[in-house]
Amino acid sequence: MKRILSFLLIVTLFLIPCSSAYAWTSFRNEKGESGANTIHAATPVDTNTTGPKWKKRFSQSMGSVMNSTPIITEKNIYIVSKDVLYKTDKEGTILSTLQLCASMNSMCHMASDGKNLYIPLGGGLLQCVEMNTMTAVWTSEPFGGQSLTTVYIHDGLVYAGTTNGDGSAGCYYCVGAEDGKTRWSYQNETFPCGYYWSGAISATLSTEECLLFGGDNGILVSHSLTSDQVYDTLDLTSITGSKGKIRAGITYDAGSNAFYTTSNNGYLYQIRMGENGKFDRVNSVFLGDSAGKTVNCTSTPTIYNGRIYVGSYYDNAGRISVIDADTMHTIYAATTGTADIKSSPLVSTGYATEENHHRVYVYFTQNTVPGGVYYIEDSSVTESADIKTLFEPKNNPQFCLHSLAADAEGTLYYSNDSGTFFAVHEGFASGDILPPPSPTTPADLPADSTIKPGTGTVSFPSPTPGPQRTASDTVPKKKSRPGKPSRIKMKTKKIHRGKYKVTLYWKKGSHSKKTQIKIKGKKLKTVSGSKYTLSLKKGVHTILLYGYISPSQKSSAARIRIRVS
């Protein structure tokens, strides 16, 4: 009886839903805390069954098109393409749009405080938009140049930077989140530079807080959060003897109580802060095997369980390095083809347990065609890994600079340079077909829908909302997608000699005719009812349940992990 109760308790813990307050608030979900760019969810790991739940191309332009970093809430997704902000639901339906005051540059790492979006735009502008109503609140003064840095929000203040084309000029600035008024603006007068793909983070010290950021001059800056005061600067050339540009964000790790960033000449840095915003100790490690070979790195490191994951381009190959966060020694590196890995690795801890040594899946993109999703499998005892392909688009191939975002259901989101935005999950391997955008309206809006000027509110025609297609369209009429099973419960009974009978109960997904059950990737049964009994041996088992209409119409997986003992 004690074993059965223990079993049920463990199952209950695995089935506790994620908080409804979940959100992906910025590039890497950076909040200035330990654990940035990690997600505790059952993300896809099966290449054979993984594909787009949906995808969308917002722009009609041919060739390379860039989208912004997505902002993800419990119910909605916000994304910028060119000079339009789109608000969609979690199935990709566009709910409303807003014409912005300027176009985004080649990168747009906007951020959210839960109420407003802060969107960096061309000309060094920052525009604030209220998320619920999709209305513009304020626009900052024009700081000039391109807005390519990550926007960072802290205690009612918003921080971002600008650059010119070659990174030789620009500034870092702070504005008020409420009114958009400039609080301070910084540029190194002795060694001027631009801020290009870099990002800031706040540091809490014993006596005060400071803002850390770096630029194309290779200098780290410790700055007051609220006033035009510099506490300290550090030229990273003094650490390595090699000049490089800081084109990455800064990550904090509570385990080592240190900050980490990279320079484009191939070094990873560990930074510890002293009193009054002063830099204390800085260590570095070269991301290649030999100092005589070229390394390029613009990847912001991600840290979990004492291991650092960072991408680079070394010796004409893409490379993921795994480094000890405390000692700064390289544990191993995995390489792939000739593709530069510019993205920041996303670490999924949804499968990590004590028994599997905290196994994680580390996802990233590669800057080459077709612009797909790749991963390595790692753990606290892993000493080598192979890079595996999770998903590659067949119909929308392009290069890819973007990093991945994720939601509480484990769906992976990203754009490649075709301007296509992908929502990737298991159970959708055959879903790589993209409807063409309307020639007169934003993609997937009805031809006779209207957008109210200044509000971004979309009015749909009655009585048949949704895209109106003509006989010439080659895309078939959209079918109802089956929902995944929910409210999963189970009972267990020991049979004999380490074997148990486990009976599953569930509520069928919406529009689902049947439920398909898999364990260890193998199909067990497709049942019409809401009950199934199977025999299991002692150990940990992962079971997948799919809402099912046909082989091409399955929901994402409802995943449960159970321990039988």
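Here is a friendly walk through this structure, in numbered points.

1. A word on the model before anything else. What you see above is a predicted model, so please read each point below as a description of that prediction.

2. Let us begin with the empty space inside. Rolling a probe the size of a water molecule over the atoms shows where such space is left. Searching the whole structure in this case turns up three cavities of 30 Å³ or more.

3. Which residues lie nearest the centre of the largest cavity? They are F27, M107, H109, L401 and S403, out of a lining of 22 residues. By class, that lining is made up of nine nonpolar, 10 polar and three charged residues.

4. Now to the strands, starting with β4, which covers residues 76–81. How many of the residues of β4 are buried? Six of its six residues are, so the strand counts as mostly covered, buried here meaning under 20% relative accessible area. In a regular strand the side chains alternate between the two faces of the sheet. For β4, both faces are covered: N76, Y78 and V80 are buried on one side, and I77, I79 and S81 are buried on the other.

5. Strand β3 runs antiparallel to β4 and is joined to it by two bridges, with I72 having I77 of β4 as its bridge partner. These two strands form a hairpin with three residues between them. Strand β5 (residues 84–89) also runs antiparallel to β4, through six bridges, and here Y78 has K87 of β5 as its bridge partner. The hairpin of β4 and β5 has two residues between its strands, and K82 takes a positive phi near 55 degrees there.

6. S68 sits in the loop between β2 (50–57) and β3 (71–72). Is S68 buried or exposed? It counts as buried, because its relative accessibility is 1%. A polar atom of the S68 side chain lies 2.8 Å from the backbone nitrogen of V80, and V80 is one of the buried residues of β4.

7. Next come two open sheets. Two bridges link β7 with strand β8 (residues 116–121) in the antiparallel sense, and Y118 in β8 is the bridge partner of A111.

8. The other open sheet has four strands in the order β15-β16-β17-β18, again with antiparallel pairing. Its edges are β15 (201–204) and β18 (230–235); each has a single partner strand, so one side of each is left without a neighbour in the sheet. From one strand to the next, the twist averages 25 degrees. Within this sheet, β16 (residues 209–214) and β17 (residues 219–223) run antiparallel and are joined by four bridges, and F213 stands opposite V221 in β17.

9. Further along the chain, look at strand β42 (residues 539–550). It pairs with strand β39 (residues 514–519) in the antiparallel sense over six bridges, and Q516 stands opposite Y546 in β42. Strand β42 is also joined to strand β43 (residues 553–564) by 10 bridges, again running antiparallel. On that side, R561 in β43 is the bridge partner of T542.

10. You will find it in the loop between β27 (330–336) and β28 (346–348). P345 counts as buried because its relative accessibility is 0%. From C-alpha to C-alpha, P345 and L404 are 7.7 Å apart in space, while 59 residues separate them in sequence.

Methods: Residues are numbered from 1 along each chain as its sequence is written. This is a predicted model: local features need pLDDT of at least 70, side-chain atom pairs count only at pLDDT 80 or more; totals for chains, interfaces and linings use all residues. Side-chain values use heavy atoms; hydrogens and water are left out. On a 1 Å grid over the protein atoms alone, a cavity is a set of points where a 1.4 Å probe fits but cannot get out, and a pocket is an open set with protein on both sides within 12 Å along at least five of seven lines; lining residues have an atom within 4 Å of a point. Grid points are joined across faces, edges and corners, and a volume is the space filled by probe spheres set on the points. Ala, Val, Leu, Ile, Met, Phe, Trp, Tyr, Cys and Pro count as nonpolar, Asp, Glu, Lys and Arg as charged, and the others, Gly among them, as polar. Two strands pair if DSSP finds at least two bridges between them. Axes are lines fitted to C-alpha atoms, for helices over the stretch in contact, and angles run from 0 to 180 degrees between N-to-C directions. Buried means under 20% relative accessible area, exposed over 50%, partly exposed in between (1.4 Å probe, protein chains only). A polar contact is a pair of N or O atoms within 3.5 Å; within protein, one must be able to donate a hydrogen and the other to accept it, and residues adjacent in sequence count only if both atoms are side-chain atoms.
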